[in-house]
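Subject: Structure handover

Hello,

Here is the structure I promised to pass on. Please open it alongside this note. My findings follow below.

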Amino acid sequence: MTNLLMPKIDRKVILKKDIIVKNLKKIVNPEHVLDHKDELKPFETDGLSAYKQKPLIVVFPKNTDEVSKILSYCNKEKIKVVPRGAGTGLSGGSLPLADCVLLCLGKFNKILEIDYKNRCVVAQPGVTNLSITQAVQDKNFYYAPDPSSQIACSIGGNVAENSGGVHSLKYGTTTNNLLGVEVVFMDGTVSKLGGKSFDSEGYDFLGLVTGSEGLLCVITEVTVKILKKPQATKVALIGFPTIENGGNCVSEIISNGIIPAGMEMMDKELIHATDNFVKAGYPRNVEAMLIVELDGTDLDVTELMENVNKIAKKNKATSIKISKNEKERLKFWAGRKAAFPACGDMAPDYYCMDGTIPRGKLVEVLKEIKRLSKKYNLPVANAFHAGDGNLHPLIMYDSNDKKALEKTEKFGAEILKYCVKVGGVLTGEHGVGIEKRELMCEMFSNTDIQQQIKIKKALDLSLLLNPGKVYPILRKCAEEGRVHVHGGKTKFPNIPRY
Amino acid sequence: MFMEEKQNFQIYRDTETLYPKNEQEVADIIKKFYKSNIPIEIIGSGSKREIGKPLRCEKTLSLSKLEGIIEYLSEELYIKVKAGTRIEIIENELKKNKQQLVFEPIDFGYLFLGKSNSGTAAGQVACNISGPRRFKAGSTRDHILGFRAVNGRGEIIKSGGTVVKNVTGYDLSKLICNSYGTLVALTEVTFKVLPTHEDNKTLVIHNLSIDSAPEYLQKAISSSNDVSGASFIPTEPICNNCNMNIENTFKLNDLKNKGSLTALRLEGSKKSVDERIKNLVKELKVSEQNISILESLQSEIFWKKIRNLEFFSLTKNNIFRIVIPPAECINLIYELPKNFKYFLDWGGAVIWMEACQLSEQKFESIRKKVIKHNGYISMIKYSSFLPYVEDVFTIDSNRFTLSQSIKKSFDPKGILNPGKMYTGI
């Protein structure tokens, strides 16, 4: 286990735990305050289960007023607060602190309004991502961002992390599909940012708080755009004899003016692992496979599919399978969605990385990962959101061997640094959290980071809201950053991760 | 004390404009003014200088000499430019690869000068006012991937990158959009670019009134036909002080009838556009006699005119912009003065309005109505009749306090465009 420096524990706060509990019980229903160590245990970690820390107290407010009063009280008493949605985040963004109040938004679980005329849904932050689509699908609408954990992750968490999904290239991430939020700042001030109209005036606070990883405010209400479902959607599975052929095909599809709804790439190791796991019907004798999803009218999809077919053949595709119906389309996706658990079948442990690179650098980066794999003598499988350049290498190892863990950590850090070196970024969708905190100086200068910290201080003067996340505590780049999975079990093994 | 407050006590010389040629020069200038507490007006080429509150700064810093495309990788779907690069240069370069800035930057030259003056990348980002495709494709803030800039301390900062999927640190690219140069002086911007479509056509429904047009716009946008422009230009009110120019502006051979225009744009392959136009005609139940189809070239001209506000070209009246939830549009219009000329865009989510003989009191009463309908209003163009309003933009006290804090974090002495957006910011 990597040792991670967290903010200094405030012993005074720990000593007055009983008083804090008593005061919180005056604000919320006493049953919504948990303080016994057994009650705190389930909250000691989030989706990044390698890190564990019990909070001092857990509190479940049920409305904005209660959130405001809790924050106002904690601000006055200088108590740290860590907000938590569904706790599915992969970067440790809601890892508790020993002296913190863990503010859980689980009771904010209602869809407040479905407004078809303005094409939006107003929901409380604890509502799951998928349930928004489910609430409007009878009218053929849907909510576009679809992080793989969408059956469990909350929409508030999606806003905090600016979650993506496989359709980001065409439909954008959370920030592009959000119209408004209600938030509470650390001093208890409640603010509506945005609403149902586009581009609210003045500074774009909505854009600022989206992806701010719970450091600037607590989200208590979310208004998202909903879209009409396209008339038709089809998926093509395309196999290539080399990674280069696959990479070139991706670039050529984009260069030809085609923006697929989704475009995923898997390497040979992962194709075999996932096909063994779910029997998705993937081609076995290829080095790389593309999953290309196209949507639009029937005519659009047919035309685009013909073009993709031509480009694939030009790039030496050895197999092309097009989904014949919705059932087959979902089957094709099932393999990709099972990528993470399938890796769990191949090794006792794996680390999942999350960097984004320019699409054109794919072959170069995959070669580098292969070179590093040999250097560290650790197998790696690669899943890649090829459409938007988001790479998820899965490094396999055995945590029982302490040296293997150390090697894996170094391997992971080298991959992320290489992503930055070729013009990419540290994290595409999992967030910085505690996981990539110390790598921030790979991308940003001290002045850049100080500007961001000044913004934090402008909204949370005493740095009480989710401290220790995103920005380095030490002014050095430690070598860390990955999702740790042991025995094929993530914190939530039943949630697909892709 | 904020620089803007200080202005009241100083007598200013003629404004002197500085033209830094690179980022370091921008940083050196701002650092010098930071040390000596001198407020500066930051401009791109000045094409949108009239939007916002007028400034009285001792110095002006023009970014217009920071010119040039730094990197354009069409297959990576981004273009990185120096902040003073003109929008038309960017758009022309993108056209070579059949790509575009999909948020359709507005050329305000038609409104302010009566001819094209598209401004710079920095100006576009600073104002974040986007064209007809906004409701479908997002605005400038949705297409800025990263930037470099100089803050009010004279420090060079950056945020974002060149990739679409990026959650590394706060998304400052969004924050500097629509900040009217009050947070940073931009030096470099990276835009996401997207392919242009092979074909585009516009379905025009003639002679609908405001009572029914918004519903048609709403139905069209909520269909699966992927509409990328949805505007309504009503017949003009009889007003002695307004130019009557609907017919002059939209003089297009393909238009069969005179009168109001409800326009729906479809983009895609030729076959797909034709198929979707047929679908729309069927779904909206409009008769063939009452529609016109603008073919590609005329459709492009039509939307260029909408995008660039040519309907109001060279008007001597005030122009303001109202943004509201689209379903509120019709009720709000009923509450506004009948003699104001206007058109709806973004499927009814934005109202562009020309107001003759406007008083500040009347403007404020309109603002109250707009806020009641959960929208906001911004004064875009002054007139000799109403050459100044105290509140150009709309803000509540809560967001004002927040804005002050954010402003101080970038520009602690308030030297960058002080008061351009709000008094005290």
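Domain bounds come from an automatic or database domain assignment. For chain B, that assignment gives domain 1 (3-64 + 395-410), domain 2 (69-195) and domain 3 (199-391).

Two notes on conventions. Residues are numbered from 1 along each chain as its sequence is written, and chains are lettered from A and ligands numbered from 1 in the order in which they are written. The model is predicted: local features need pLDDT of at least 70, side-chain atom pairs count only at pLDDT 80 or more, and totals for chains, interfaces and linings use all residues.

**Chain B overall**

Chain B has 14 helices and 18 strands. These are DSSP runs numbered from the N terminus: helices are H or I of at least four residues, strands are E of at least two. The radius of gyration of chain B is 22 Å, close to the 22 Å that the globule rule gives for 425 residues, so chain B is as compact as a globular protein of that length. That radius is taken over C-alpha atoms, and the rule is 2.2 Å times the number of residues to the power 0.38. Along the principal axes, the C-alpha atoms of chain B fill a box of roughly 70 × 50 × 35 Å. Buried residues make up 55% of the 425. Buried means 20 or more other C-beta atoms within 10 Å of the residue's own; exposed means 12 or fewer, and partly exposed lies in between, with C-beta atoms placed from the backbone.

**Domains 2 and 3 of chain B**

Their C-alpha centres lie 25 Å apart. The contact takes 13 residues from domain 2 and 19 residues from domain 3. Contact means C-beta atoms, placed from the backbone, within 7 Å. On the domain 2 side, helix 4 (109-112) and helix 6 of chain B are the elements that give two or more residues. That side divides into six nonpolar, two polar and five charged residues. Nonpolar covers Ala, Val, Leu, Ile, Met, Phe, Trp, Tyr, Cys and Pro; charged covers Asp, Glu, Lys and Arg; the others, Gly among them, are polar.

**A sheet in chain B**

Five strands form an open antiparallel sheet in the order 4-5-9-7-8. Strand 4 (69-73) and strand 8 of chain B are the edges, each pairing on one side only. Two strands pair if DSSP finds at least two bridges between them. Strand 5 (78-82) and strand 9 (184-192) of chain B pair in the antiparallel sense over five bridges. Ile79(B) stands opposite Phe191(B) in strand 9.

**The two chains together**

How many residues of chain B are in contact with chain A? The count is 70, against 72 residues of chain A. Helix 14 of chain B gives the largest share of the chain B side, eight residues. The chain B side divides into 25 nonpolar, 28 polar and 17 charged residues.

**One residue to look at**

Find Ser47(B) in the loop between strand 2 (40-43) and strand 3 (59-62) of chain B. Is Ser47(B) buried or exposed? Ser47(B) is buried, because 26 other C-beta atoms lie within 10 Å. Not counting residues up to four places away in sequence, Ser47(B) touches Phe108(B), Gly109(B), Asn117(B), Ser118(B), Gly119(B) and Gly123(B).

Best wishes

Terms used:
Two residues are in contact if their C-beta atoms, placed from the backbone, lie within 7 Å.
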